[in-house]
Amino acid sequence: VFGVDDAAFGAFVSQTFTASGARAGIAKVTGTLDDASAQAQLTVRVQNTRVADGAPADAADLFANGTADVAADPTVVYPENSTIMPPNIGDFEVHWQAGAGTVAAYELSLRGEYLDVAVYLPPNTDWSAFLPSEWAIVGESQAGLSVDARIRAVTNDGRIGAAEVKVFLTPDEIEGGIYYWATTAAGDPPPPGGIYRHDMGRPAQPPEQFYTTAETPDNRCVGCHALSRDGTRMAVRYDGGTSNLGSVVDIATGTELLALGDSYRWNFTAFEPNGQRFVFDSGGALTMVDVDSEAATPLMTQGAVTQPDFSPDGTKLLYVRYQAGDPIWFTGGSIVTRSFDPSSGSFGDETTVVPAETMNVYYPTWSPDGEWILFNKSNGDAYDDVDAELWVVKADGSVGPIRLDVPNAQGAITNSWARWAPFEQSFPSFEGGEEPLFWLTWSSKRAFGVRTSLEDEKPQLWMAPFFPLRAAAGQRSSAPAFRLPFQDIDSNNHIAQWTERIVEGVE
């Protein structure tokens, strides 16, 4: 009896192995006879080719018979070289600018040691996405490895130009759910604005319209929101502006758990990890509320504080203490932490981790292990600032603050509302073995390859890794950013909040 260690490679029928085409690489085959067994390696190579609509039917022959010419080389503008992403991102785009000459066809490919997935494209193309089924082969085959994204152009006179970038895939798939605020999308009629969500474990599914003006009471506008770590509850703020009317929504049923009224007007909120209690800011003060009993306890009535966030284990609270302005448009912000005893509901003394400086600091959030704080820094008033940047600091203040130079990129691109994905992952280290990796997401108005420009002012959700051991050692701690592909490119997307899982609705 013969068997293969991973069914994604294929299967045996008697002594005959048939490859599925879903995975390339080295498979382990085990042969068993009575009580004896032995193993051998099986190499599976996958070549997948597609001719897109509008491409010449003989495109492959054009490339086979052409002559290399560097003058015809295109330039890859997205993704950046050495981008790191999860293998289950679900979609993968490459954008480029043409080289010299009149192009007859393009060949876009993703290649590994045992893998070659290629698509032939028409000459008037400057970007393309692989099909989800094509990317699934790559993600299955190259997890924990790298893949070369190559674009080749063949001109009418037979000259071939090429350009290539290397993309690294993490060994593990990303998990969790992401809830974000989307506005001003195109359509006839346009989709409603409000909270949309996406299950990262189901990359082929489009985002779900979850709590928009179509689902809220009285068709209210809803934007600012916070999720419990277990994904069961969401605190929302209706209408914005001077209204700031808030409530808590049960994720499974979409029903409100708090009675709307003047007692619940806030700007920012944060749940305890179990979702039982949450903290909100109002008028520069913090209040804790038990969702079930609606018992409210003032936490802080002196000074001016805002933007709270609980640590993943629920034993610490951080927030911003600001000097001037209001809880949204403030200046002179500093990041403060306090210990918290969940059983007694008591807090320890304040510890200032990032003091107020010439620049403003705001939107702080805990890393999945509770050891790091991610935050924004800018010269503005903590709201939609074009010069907003991503920074990290060790929660005990021993390392940093550190500017995340690579994902920040250059220019006035509004890197705002940074948040961590909820799980720690690993990545092959330079020295062998593995090192920890955290994912962070944020909203940015940067150009997306050739599809949007900075002048479009189109905020989209972007993602990049963070390597805590590298940061602690003073090394480069991140990698180039990539755009989360499930988004509607015609909408403005902000405030990506994470949960450990997407809770499905009750039938």
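Predicted model: local features only at pLDDT ≥ 70, side-chain atom pairs only at ≥ 80, totals over all residues.
Me: Which residue does the side chain of Glu-208 meet in a salt bridge?

Reply: Side chains of opposite charge can pair when their charged atoms come close. Here the side chain of Glu-208 meets that of Arg-197 in a salt bridge, at 2.7 Å from N to O. The pair links distant parts of the chain, with Glu-208 in strand 18 (residues 208-212) and Arg-197 in strand 17 (residues 194-199), 11 residues apart.

Me: Which residue forms a salt bridge with Arg-229, and how many salt bridges does the structure hold?

Reply: Arg-229 forms a salt bridge with Glu-500, their closest N and O atoms being 3.0 Å apart. Because Arg-229 lies in the loop between strand 19 (222-227) and strand 20 (233-238), while Glu-500 lies in the segment after strand 42 (492-499), the pair ties together parts that are 271 residues apart in sequence. Arg-229 is partly exposed at 24%, and Glu-500 is partly exposed at 31% relative accessibility. The structure holds 22 salt bridges, and a network of them links Asp-69, Asp-157 and Arg-159.

Me: Turning to loops, what is Gly-449 in contact with, leaving aside its neighbours within four places in sequence?

Reply: Gly-449, in the loop between strand 39 (434-444) and strand 40 (460-466), is in contact with Val-77, Tyr-78 and His-95 once those neighbours are left aside. The C-alpha atoms of Gly-449 and Glu-93 are separated by 9.3 Å, although the two residues are 356 apart along the chain. Val-450 is found in the loop between strand 39 and strand 40, and together with Val-77 and Trp-127 it makes a nonpolar surface patch of about 190 Å².

Me: How do strand 24 and strand 25 pair?

Reply: Strand 24 (residues 285-290) and strand 25 (residues 296-300) pair in the antiparallel sense over 4 bridges, and Thr-287 has Pro-298 as its bridge partner in strand 25. The two strands form a hairpin with 5 residues between them, and Glu-294 in the turn has a positive phi of about 60 degrees.

Technical notes:
Residues numbered from 1 in each chain as written. Heavy atoms only, no water. Contact = heavy atoms within 4.5 Å. Pairing = 2+ DSSP bridges. Patch = residues over 30% accessible without salt bridge, like charges linked within 9 Å, V, L, I, M, F, W, Y side chains within 5 Å. Areas by Shrake-Rupley, 256 points an atom, 1.4 Å probe, with all protein chains shown as cover. Salt bridge = Lys/Arg side-chain N within 4 Å of Asp/Glu carboxyl O. Buried < 20%, exposed > 50% of the residue type's maximum accessible area, 1.4 Å probe, protein only.
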